[in-house]
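Me: Could you walk me through this fold with a few questions and answers? Here's the model I'd like to talk about.

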Amino acid sequence: MIDHIRDAVIADSDINDEISGRFDPFVRVESGSSALPACMYEVTNDEPLSVIGTASLINSDVEITVISLQLIKSDEVSKLIISKLDGYSDSSNGIIRCKHVGTERQEVEPFDGSENYFFLTTSSWEIWHDNS
């Protein structure tokens with residue numbers, strides 16, 4: 001499921017112009033400010049739902065975090081992602097529906113003692129998809 005979501009985000013030229021394909025699991029973001037803005041994702045829950053018939057449906061909770069050196073940039077890219085994914089579906093890839101449920105912002109102090117803070121804008125999602 002997350003690969004299909006990643007593909008949909010990167011296929012959007014407005015988003016990809018900003019992140020240059022940097023949409024990776026939370027722990028794999030490249031180091032260095034030249035690799036920003038970037039998107040990180042984490043699937044925090046996969047819950048199978050009971051449905052009638054043979055198809056199985058899963059409700060996944062996903063967080064997509066945009067990291068940047070400027071809050072306005074992380075917010076801007078996050079808004080593009082929300083615009084792309086809220087209500088998104090793709091039956092050919094088993095994505096039934098994506099629903100944006102909230103956004104949080106965070107400031108992270110630099111690890112090297114510099115004044116270069118990082119800004120994170122995290123959007124939370126419920127994604128319903130089949131088990132394929």
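Predicted model: local features only at pLDDT ≥ 70, side-chain atom pairs only at ≥ 80, totals over all residues.

Me: Which element gives the most to the largest nonpolar core?

Reply: That core has 23 residues, and I5, F23, I64, I81, L85, W125 and I127 are those with the most contacts inside it. Elements giving two or more residues include α2 (13-19), β2 (38-49), α3 (71-85) and β5 (118-130). The top contributor, with 5 residues, is α1.

Me: How many residues are in the other core, the one that lies apart?

Reply: Its members include A38, M40, I67 and F118. This separate core has a count of 6 residues.

Me: What share of the protein's residues count as buried?

Reply: The cut-off for buried is under 20% relative accessible area. The protein has 132 residues, and the share that passes is 39%.

Me: Why does Y41 count as buried?

Reply: Y41 sits in strand β2. Leaving out residues up to four places away in sequence, Y41 touches I2, F23, D24, P25, F26, E63 and I64. A residue is buried when its relative accessible area is under 20%, so Y41 qualifies with 13%.

Me: How far apart in space are Y41 and T65, C-alpha to C-alpha?

Reply: In sequence, Y41 and T65 are 24 residues apart. In space, their C-alpha atoms are separated by 6.1 Å.

Me: Is S68 buried or exposed?

Reply: S68 belongs to strand β3. Beyond residues up to four places away in sequence, S68 touches L36, P37, K73, S74, Y117, F118 and F119. Its relative accessible area is 4%, so S68 is buried.

Me: Which residue has its backbone nitrogen 3.3 Å from a polar atom of the S68 side chain?

Reply: The S68 end of this pair is a side-chain atom, on a residue of strand β3. The backbone nitrogen at 3.3 Å belongs to Q70.

Me: What fraction of the contacts with a separation of 6 or more comes from residues 24 or more positions apart?

Reply: I127 makes a handy local example: setting aside neighbours within four places in sequence, its contacts include M1, I5, I58 and V62. For the protein, residues 24 or more positions apart account for 57%.

Notes
Residues numbered from 1 in each chain as written. Heavy atoms only, no water. Core = buried A, V, L, I, M, F, W, Y, C linked by side-chain atoms within 4.5 Å. Buried < 20%, exposed > 50% of the residue type's maximum accessible area, 1.4 Å probe, protein only. Helix = DSSP H or I, 4+ residues; strand = E, 2+ residues; numbered from the N terminus. Contact = heavy atoms within 4.5 Å. Polar contact = N/O pair within 3.5 Å; in protein donor to acceptor, adjacent residues only side chain to side chain.
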